[in-house]
Amino acid sequence: MANDGPVEHGYPHLETVRAAITALYKRLSYDTVRAFETSVLPVDVAFCDTDDLYLGAQRVAHEMVRHYRLPDARLVVSFREMRHAASVELAAGPEYFVELNDRFRDHRRDIGAALAHEVMHVYLHRLGLSFPGVRDNEILTDTAATYLGAGWLLLDAYREDGASSQKLGYLTPEEFGYVLAKRALVFGEDPSVWFTSAQAYTAYGKGMELARRDGQEPPLTAAGWAGRRRYARDRRHAPAGPPQPGVRYAFSPDGGGRLRVSFPCPTCHQRIRVPVRGRVRARCALCRSVLECDT
């Protein structure tokens, strides 16, 4: 939790974020991911200053349990002084103990954001899905919470001005915006209508620009002129050398010596391999996206 400290920006964790999206589709399946079509709504996690602190926190925790479809999980929420925003004790269940930073006693509207992350820890723990290392596992948790409809709260908790700052989670604001944009492009949902933070709008807009560029990389037909020209040059020299920096496609011969190109699906980032023979329609077996390619 950045509390009146510097907030990291940009995309330093982008490859881990993309790997997390792929891991979600692999572990949950296409149908399960699609079951999270509707995000947590603001009215369901609203928390005003007149609400009882503990009853309100339990109510919001119950809403997160319901959203993540953990009906037999019970969360007990408490508050204490701590360095991080929150923590959860991952035991066998069905009861889980969540501790929130004392800061949330006076910043109650952000309790939903903290619980979105902590309850996702429970969800992933039950799935048996994790990444090696604390850092990557926390990035997986933020990405999963956001892609499955609760992470817009984490981005909305980001506020920064000349005198103070606050950011929850391990992703940068732009990375949260990127994952929200990837979700929006799949489900047709615009989370920006729920933002109360002006900075969240900006970060979401930057994330959407990058998310759209994922679908405009060669060999996809939506690629721009410069990308197509570079792809044609690389194809002429393939597979003699390694891919150039910044290029996400790669050429390789198949068993019969014919050239194939592999590239990441713009939706789930699973790599797809197709023959190099002009116009090709590819279907991602993982997320079922149908992609128009010019190989």
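Me: How much space lies in the largest cavity, and what makes a space a cavity?

Reply: The largest cavity holds about 80 Å³ of space. On a 1 Å grid over the protein atoms alone, a cavity is a set of points where a 1.4 Å probe fits but cannot get out. Grid points are joined across faces, edges and corners, and the volume is the space filled by probe spheres set on the points. The model is predicted: local features need pLDDT of at least 70 and side-chain atom pairs pLDDT 80 or more, whereas totals for chains, interfaces and linings use all residues. Residues are numbered from 1 along each chain as its sequence is written, and side-chain values use heavy atoms, leaving out hydrogens and water.

Me: How many cavities of 30 Å³ or more does a search of the whole structure find?

Reply: The search finds one.

Me: What makes a residue part of the lining of the largest cavity, and which residues qualify?

Reply: A lining residue has an atom within 4 Å of a point of the cavity. The residues lining the largest cavity are Asp214, Glu217, Pro218, Pro219, Leu220, Arg230, Val247, Arg248, Tyr249, Phe263, Pro264 and Pro266. This lining divides into eight nonpolar, no polar and four charged residues. Here Ala, Val, Leu, Ile, Met, Phe, Trp, Tyr, Cys and Pro count as nonpolar, Asp, Glu, Lys and Arg as charged, and the others, Gly among them, as polar.

Me: What is the form of the peptide bond from proline 218 to proline 219, and where is proline 219 found?

Reply: That peptide bond is cis, with omega near 10 degrees. Proline 219 belongs to the loop between helix H8 (198-214) and helix H9 (225-237). Helices (H or I, at least four residues) and strands (E, at least two) are DSSP runs, numbered from the N terminus.

Me: Are tyrosine 25 and tyrosine 147 buried or exposed?

Reply: Both tyrosine 25 and tyrosine 147 are buried, and phenylalanine 195 and tyrosine 204 are buried as well. Buried means under 20% relative accessible area, exposed over 50%, and partly exposed in between (1.4 Å probe, protein chains only).

Me: How do you know whether arginine 69 lies over the face of a ring, and which ring is concerned?

Reply: A charge sits over a ring if NZ of Lys or CZ of Arg is within 6 Å of the ring centre and within 35 degrees of the ring normal. Arginine 69 lies over the face of phenylalanine 36, at 4.4 Å from the ring centre. Phe36 also forms one aromatic cluster with Tyr68 and Tyr123. Likewise, arginine 59 lies over the face of phenylalanine 47, at 5.9 Å from the ring centre.

Me: Why is helix H7 described as largely enclosed, and how does its reach compare with the expected span?

Reply: Of the 15 residues of H7, 13 are buried, so the helix is largely enclosed by the rest of the structure. H7 (residues 173-187) reaches 21 Å from its first C-alpha to its last, close to the expected 21 Å. The expected span is 1.5 Å times one less than the number of residues. Glycine 188, with a positive phi near 65 degrees, follows H7.

Me: Where is histidine 269 found, and is it buried or exposed?

Reply: Histidine 269 lies in the loop between strand S8 (259-264) and strand S9 (271-275). Its relative accessible area is 9%, so histidine 269 counts as buried. Phi of histidine 269 is near 70 degrees, a positive value in a residue other than glycine.

Me: What makes arginine 288 partly exposed?

Reply: The relative accessibility of arginine 288 is 39%, so this residue counts as partly exposed. Arginine 288 lies in the loop between strand S10 (279-283) and strand S11 (290-294), and its phi is positive, near 70 degrees.

Note on methods. 1 Å grid on protein atoms, 1.4 Å probe; cavity = no way out; pocket = protein on both sides within 12 Å on 5 of 7 lines; lining within 4 Å. Phe/Tyr/Trp six-rings, centres within 6.5 Å; stacked < 30°, edge-to-face > 60°.
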